[in-house]
Amino acid sequence: MPLYHNEDQAMLADSASQFMAEEGAINKQLRHWRDRDCKDGFGHELWKQFGEMGFTGILVPEEDGGLGMGHVEAGIVLEEIGRNLTPSPFLTSSVLAATALGQGSNDLRARYLPGLVAGESVFAVAIDEGAKHRPERIKTRAEKSGNGFRLSGKKDFVIHGASADMIVVAARTSGADDDAEGVTLFAVPKDAAGLNQDAVRLVDSSMATHIVLDNVELDGDAVIGEVDGGREILNRMLNAGRIGAAAEGAGVARGAMDMTIDYLKQRKQFGKLIGEFQALQHRASHLYSEVEIARAVVIKAQQLLDADAPSAELMVSVAKAKVSKVAGLAVREGVQMHGGIGMTDEYDIGLYMKRDRALQEFLGDAYYHAERVAQISGY
Amino acid sequence: MADLDTFRSETRAWLEANCPEEMRQPARDEEDVYWGGRRATFKNDAQKSWFEACVAKGYTVPAWPKAYGGAGLDPAQAKVLREEMSRINARPPLSSFGIWMLGPALLHFGTEEQKTHYLTQIARGEIRWCQGYSEPGSGSDLVSLQTFGEDKGDHWVVNGQKVWTSYADHADWIFCLVRTDKSNKYQGITFMLFDMESPGVSTKPILLISGNSPFCETFFDDVKVPKDQFVGEVNRGWDVAKYLLGHEREMISGAGGGDRTAAIGAAMLRHSGELDPMLRAELAMFDVDALAYSAMGEKFLDEIKVGKAHPAQPNMMKYAGTELNKRRHELMMSAGGSRSLEWDSEETGGGKPSRGWLRTKANSIEGGTSEVMLNVISKRILDLPGS
């Protein structure tokens, strides 16, 4: 398959680009909710509009009311989200939770997917335990209890946790903390007794929670997939989320770069446009080169994932690592080349820097994924 | 699609029948590469029979028209052939600046007569070409070149000096940029073709830091060039040169990465037995960049085929690919330790690691320096002011 968008995908990109630039613009969404100290960090109206546009169900199978598309299409929406810094529960709900639910029972799918497709429900995922992403180690325990389970443990960095109607929780039903096997995924409703969330605002104005699961009682039908068979679903979910985060990061990089290059063509110092200075030209051109490469590996990994290719795992980590490095470069060069104005809250370039930092950390940073590239490659 | 599948199975069968076993492994030394030309000799029968089979089939230049010695393959078929050759590690039957550089220029700018004559010679490996561009005073600023062709009616008399002429001492003919109008910088250069055996042509190999001499200085002392031996128009050779530089950058960018051996970490571990933690970390970061760049290479080729790539994108590919290759060899030297310092030991194949490492330093100089590539990206892609 060629590494560019086909006609249908190009049409989706056009409509997503227009929609996000109009409805998801920084002033209309990110700044609007941030300046009102919104407890969700995003607008529910916009989320409904996502539903009307069909974005919410891109990865949801057609028989469940979705569009049954793939990661290339989800990535198209995410890149536009990234360019416009549009806050929404798309990545956690329509990519991560939707991927897990897709492996769930008919009952679970019927319970949760229609609300997601309509842009009414918000979902979150609780994976991390501690400040760094280490999904190989899961300490949270789920003990058998009657017909169901009792969950105990702590989860961190649960994006949109406080706004979520349901949280996908990875817990251990057997084995030791570091075992690959013995993991089970649960769909935990927001009002479950013993689910305690402590909400915090992050540097990019998004909302996350620290979760304490204090003997949370769940029915057996809250299990997604098989008991003890959650690792495969978790990996599937992580691959989807990681390439999604990479696509959004590529959008952040592009947004920051475009803004910076525009600025080089407007700002005058020493009687010249600063874009005339070769010191800045070379840095801008290096950045362009890196952003192009990052975008190429993102679409490569998306296609491999959609084709269920064995090398998808490797290329998803390559993409997440590469984008984390490149988007980091884009926002740092962005702030530096904007000079003093880049340090002001009034100017948008700083918002890109903040969002990039949060995205880099989400589902594993460049160091985590480079380590994974080494391990998968056999060294 | 069905046609392509048929073509693939036919190609596979043809390769099976015609590509000798010895030609299905990477070239180990310079003699394993066949360059053709008047003075060429084959290293062995396998090299000869593989070359001759390809000439007969048009597979030395598969995408060129049949009339000029090619096989007339369309881009999809050419890709299938590349894939099938790479699947069995088949060596290129013929390496040639005629194929890579002069050919594309002639296909674009040549007269019908020139195409029939020169392209067919190239396809059959009869003439080995070299390229006369750079001069001692004209490197990155190539257009300032001074080698002068004086108009003598039915011929020019060429005087001057070229430098960095690859394998000039082995070449039969040269394609050469010669100033024919001193009053016009850009529109005063002619793209000439002439025989290296012409009286007044001499070459002198340049010893490089790698200890090898793949390049020469080439001197022209009253060389007579008939007035019909030029490509394009008289005084418009710069157009041809610019077109060709694009090709050269594509070629070099392809060589710098874009293949499945892009990642090196695992090979370095096998080679060294163990890796220091910090080196392992650097190798992992390199592999991320290398694998990402190989995706870029694939995307770039896909986009070129349908005209989606920015016309200046080869400059970006060349920049990123050559910088990556230099980094690759730095890491290979580190992973190899003191063994990789050996200059002429048998174990290192005569200092391959160190000589190869030094050779890569030219990647970001030849064919346009990295700094010139960045200038071009600034001007043509980012549209930055005043560049």
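How many residues of domain 1 of chain A are in contact with domain 2 of chain A, and how many residues of domain 2 do they meet? In this predicted model, 20 residues of domain 1 of chain A touch 16 residues of domain 2 of chain A.

**Domains of chain A**

Chain A consists of domain 1 (7-121), domain 2 (125-227) and domain 3 (232-377). Taken over C-alpha atoms, the centres of domain 1 and domain 2 of chain A lie 23 Å apart.

On the side of domain 1 of chain A that touches domain 2 of chain A, at least two residues each are supplied by helix H2 (30-35), helix H5 (90-101) and helix H6 (106-117) of chain A. H5(A) provides the largest share of that side, with five residues. By residue class, the side of domain 1 of chain A that touches domain 2 of chain A comprises nine nonpolar, seven polar and four charged residues.

Helix H9 (residues 312-338) of chain A and helix H8 (residues 277-305) of chain B have axes that come within 9 Å and cross at roughly 105 degrees. H9(A) is therefore roughly perpendicular to H8(B). The residues that meet in this contact are listed by helix below.

| Helix | Residues in the contact |
|---|---|
| H9(A) | Met315(A), Val318(A), Ala321(A), Lys322(A) |
| H8(B) | Val288(B), Asp289(B), Leu291(B), Ala292(B) |

Technical notes:
Residues are numbered from 1 along each chain as its sequence is written. Chains are lettered from A and ligands numbered from 1 in the order in which they are written. This is a predicted model: local features need pLDDT of at least 70, side-chain atom pairs count only at pLDDT 80 or more; totals for chains, interfaces and linings use all residues. Domain bounds come from an automatic or database domain assignment. Two residues are in contact if their C-beta atoms, placed from the backbone, lie within 7 Å. Helices (H or I, at least four residues) and strands (E, at least two) are DSSP runs, numbered from the N terminus. Ala, Val, Leu, Ile, Met, Phe, Trp, Tyr, Cys and Pro count as nonpolar, Asp, Glu, Lys and Arg as charged, and the others, Gly among them, as polar. Axes are lines fitted to C-alpha atoms, for helices over the stretch in contact, and angles run from 0 to 180 degrees between N-to-C directions. Angles under 35 degrees count as roughly parallel, over 145 as roughly antiparallel, 65 to 115 as roughly perpendicular and the rest as oblique.
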